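Dear colleague,

Please look through it before you go on to the remarks below.

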Amino acid sequence: MSNGIIAAGIDVGSSTVQVALVTDRDDLDGPLLGTMEERIRRRIPSRVARHAFDNILAAHGLAESDVAYVASTGDDEAVPFRHGHFYGMTTHARGALFLDPEVRGALDVGALHSRAIVFSPEGRVERHRMTGQCASGSGQFLENISRYLGVTLDEVGPLSLQAQGAEPPSGICAVLAETDVINLVSRGVPTPDILRGLHVSVSQRLGRLLKAVKAKGPVLVTGGGSRDEGLLAVLRERLEAQGTTDIELRTHPLAPLAGAIGAGLWGLVRHRVLAEQEGREGAPAAP
Amino acid sequence: MTTLDALLAKAEDLYMDTRYEAARAWKAAAPGRAVVGHAPVFAPVEVIVAAGALPLAVAGAGDRVDVIRGDAYFQSYICRIPRSILELAFEGNLDFVDLMVFPSTCDVIRNLSGVWTLAVEDQPAFFLDVPQGGGAPGGGLDTAPVPPRAVREGFWASQLRQVWERVAAITGASTDPESLRAAIRLANDWRGAVRELYDARAEEPWKFPAGATYLVLAAGDVLPLDEHAEMVRDYVRLSRARDLRRRDNIRVVVQGSFCERPPLGLVRTLDRAGLYVVDDDFVLYSRWYERDIDEEGDPLANLARAFFDRSRTTATVYERDQDRAQELVARARRRRADGVVLMAASFCDPALLDRPALTAALQDAGIPVTDFKFAENTSQFSAVREQVGTFSDSVRLWSRT
């Protein structure tokens with residue numbers, strides 16, 4: 001199908017697998033051929049990764065052998081057919097830069113971790129900071145709470161925007177916060193106010209990450225959390241309230257897939273480098 | 001015929017066994033046998049074998065033993081290995097060892113020799129005074145005269161002879177030159193097997209994961225030299241035959257873990273973080289000599305000479321004429337390494353004091369380098385994985401552009 005080189009980026013997170021196909025063909029609008037996302041839903045991540053990869057290949061009429069480089073990011077061991085692996089900050093930086101060439105920072109709000117990244121105009125990571133083991137700054141935390149509240153993940157953002165006030169949990173611990181939320185529900189606190197309170201709690205951590213990496217100018221929010229417009233609104237308010245007016249948070253419809261896109265784009269780069277090194281155009285990592 | 005899985009399972013069993021059952025079984029198999037323990041780094045295996053004993057590498061217990069009593073004998077701001085070696089002794093895990101040899105690796109191992117003598121009853125220790133070059137450039141000793149080579153070789157031969165005679169007194173073996181010559185032959189073959197493994201790994205590192213290779217090396221701690229040589233050669237043969245996908249990982253030399261052993265999980269983390277380890281200084285006694293020791297002529301003189309003209313450089317032995325930093329640069333180039341990982345044990349003075357010079361030389365040579373510290377009982381590897389993983393990303397994406 002393609003005369004150009006094709007690479008795939010596969011981002012295996014704790015809740016979803018995302019795949020992006022990219023190419024170096026210059027007769028298209030851009031390098032992105034397509035994306036695919038699949039929830040893991042208690043399945044084995046490696047099977048979901050394989051399934052998603054096979055599906056995107058089928059959707060584009062491609063065979064696996066048409067893909068010169070499969071780059072994983074996130075859980076590399078779930079992609080045994082990978083040629084290489086790139087770490088999250090490397091791929092989100094590249095993906096963010098691709099989606100919005102003006103940004104020099106990314107805030108990846110993932111299911112288990114969040115990280116702030118500052119990078120060069122070429123996508124080279126200059127500084128990054130990540131949340132620790134605690135899940136309270138993560139999307140999974142919000143997802144769990146939304147489940148307790150009986151709302152879907154898609155409803156979280158719009159409901160939070162409707163809040164009249166905010167009832168943050170008393171602590172930052174995700175486990176204790178769940179108990180807090182039960183108490184808030186029993187006190188009759190409206191669901192939008194509880195959700196906004198959670199957004200306030202999470203945004204405090206995200207704000208600290210951005211400050212720690214000295215982010216400035218436009219920053220693209222990536223990862224699954226970038227879909228949560230309620231979180232973005234609260235985070236913008238928080239940055240303004242703390243006097244951080246030199247950060248402009250942006251988003252993009254494909255921002256949740258920035259990791260997979262970045263991995264695919266770096267895969268193209270590595271394929272080219274290896275092909276040059278090895279003096280051939282075949283698969284770079286074949287023995 | 002063994003399979004690779006069976007071989008690695010055996011190696012892991014030996015690695016995990018802090019009771020050293022394999023060495024106990026060897027000793028119990030025939031009357032008059034003795035086991036001689038040796039602490040890192042240098043091991044006088046030839047004279048131990050020549051005296052009819054089994055050399056047993058006692059290199060701490062990593063994360064497999066809780067150090068409780070061992071902590072009482074050392075200050076908190078030194079490395080962990082002397083504590084875990086003492087703990088092994090206090091727990092009775094080394095009660096079958098007839099003699100412990102402590103080389104002058106550093107102040108800590110030197111002191112361990114004395115503490116052992118005081119604290120461990122009925123198990124004698126021998127302090128092996130490994131030669132040093134005689135002065136540090138730029139330091140107060142820089143102008144100190146270096147004794148003539150013949151004097152230094154003579155001193156070292158006398159040290160080795162003392163170990164040989166001490167062990168022979170335990171086993172009742174004679175100290176005739178032929179037995180030492182035979183032991184040298186055996187050790188040459190064993191080190192040859194280990195060299196073959198390192199060469200094979202440098203050629204096809206995706207077939208020789210660092211974790212598996214580490215286990216196979218460490219299995220030699222408790223095995224007779226010929227058995228270990230056979231295991232190593234089997235590992236090379238079986239690994240070469242594997243049909244594994246070569247990944248876009250970076251090739252690295254790992255340096256700094258020559259004494260206190262990194263936990264297995266940490267070495268496996270290197271595999272998982274996008275690195276192909278093509279050289280390292282793990283289990284260094286098995287690769288102390290870079291070439292065979294001469295087998296013709298006076299065996300003790302040959303052994304003493306080999307220390308000075310074919311030892312691998314290490315931070316624990318100072319030689320005025322050696323430049324360890326340039327040697328590392330040369331080794332990285334020889335192994336076609338994309339980068340170097342300086343992985344030193346916390347509080348390891350020899351490794352950590354070398355680090356600035358090594359880093360500067362690597363940077364001057366344009367070889368990317370990263371560093372971190374570990375302890376033998378480190379159990380959290382995610383930070384290391386993140387660090388070396390981003391190092392791998394950085395090397396692949398930026399160092400060649």
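A:Ser14 is placed in the loop that runs between strand E1 (6-12) and strand E2 (16-23) of chain A, where helices (H or I, at least four residues) and strands (E, at least two) are DSSP runs numbered from the N terminus. With a relative accessibility of 39%, A:Ser14 counts as partly exposed; buried means under 20% relative accessible area, exposed over 50%, and partly exposed in between, with a 1.4 Å probe and protein chains only. From A:Ser14 to A:Asp76 there are 62 residues in sequence, and their C-alpha atoms are 12 Å apart in space.

Please keep in mind that this is a predicted model, in which local features need pLDDT of at least 70 and side-chain atom pairs count only at pLDDT 80 or more, while totals for chains, interfaces and linings use all residues. Residues are numbered from 1 along each chain as its sequence is written, chains are lettered from A and ligands numbered from 1 in the order in which they are written, and side-chain values use heavy atoms, with hydrogens and water left out.

A:Gly223 belongs to the loop between strand E9 (217-222) and helix H7 (229-241) of chain A, and with a relative accessible area of 5% this glycine is buried. The C-alpha atoms of A:Gly223 and A:Gly259 are separated by 7.4 Å, although the two residues are 36 residues apart along the chain.

Turning to charges, the search of the whole structure finds 49 salt bridges over all chains, a salt bridge being a side-chain nitrogen of Lys or Arg within 4 Å of a carboxyl oxygen of Asp or Glu. One of them joins the side chains of A:Arg250 and A:Glu102, at 2.8 Å from N to O. Since A:Arg250 lies in strand E10 (residues 247-250) and A:Glu102 in the loop between helix H2 (88-99) and strand E6 (105-109), both of chain A, the pair ties together parts that are 148 residues apart in sequence. A:Arg250 is buried, at a relative accessible area of 19%, whereas A:Glu102 counts as exposed at 52%.

In chain B, a salt bridge is formed by B:Glu46 and B:Arg191, whose closest N and O atoms are 2.6 Å apart. This pair links distant parts of the chain, with B:Glu46 in helix H3 (residues 45-50) and B:Arg191 in helix H7 (residues 177-203), 145 residues apart, and both B:Glu46 and B:Arg191 are buried. Another salt bridge brings together the side chains of B:Glu91 and B:Arg69, at 3.6 Å from N to O. B:Glu91 lies in the loop between helix H4 (81-90) and strand E3 (99-103) of chain B and B:Arg69 in the loop between strand E2 (53-57) and H4, so the pair ties together parts that are 22 residues apart in sequence. B:Glu91 is partly exposed at 47% relative accessible area, and B:Arg69 is partly exposed at 42%. There is also a network of salt bridges that links B:Arg149, B:Glu153, B:Asp294, B:Arg305, B:Asp309 and B:Arg310.

Finally, B:Asp248 sits in the loop between helix H9 (225-240) and strand E5 (250-255) of chain B and counts as buried, at 3% relative accessibility. The side chains of B:Asp248 and A:Tyr69 are joined by a polar contact of 2.4 Å, that is, a pair of N or O atoms within 3.5 Å, of which, within protein, one must be able to donate a hydrogen and the other to accept it, and residues adjacent in sequence count only if both atoms are side-chain atoms.
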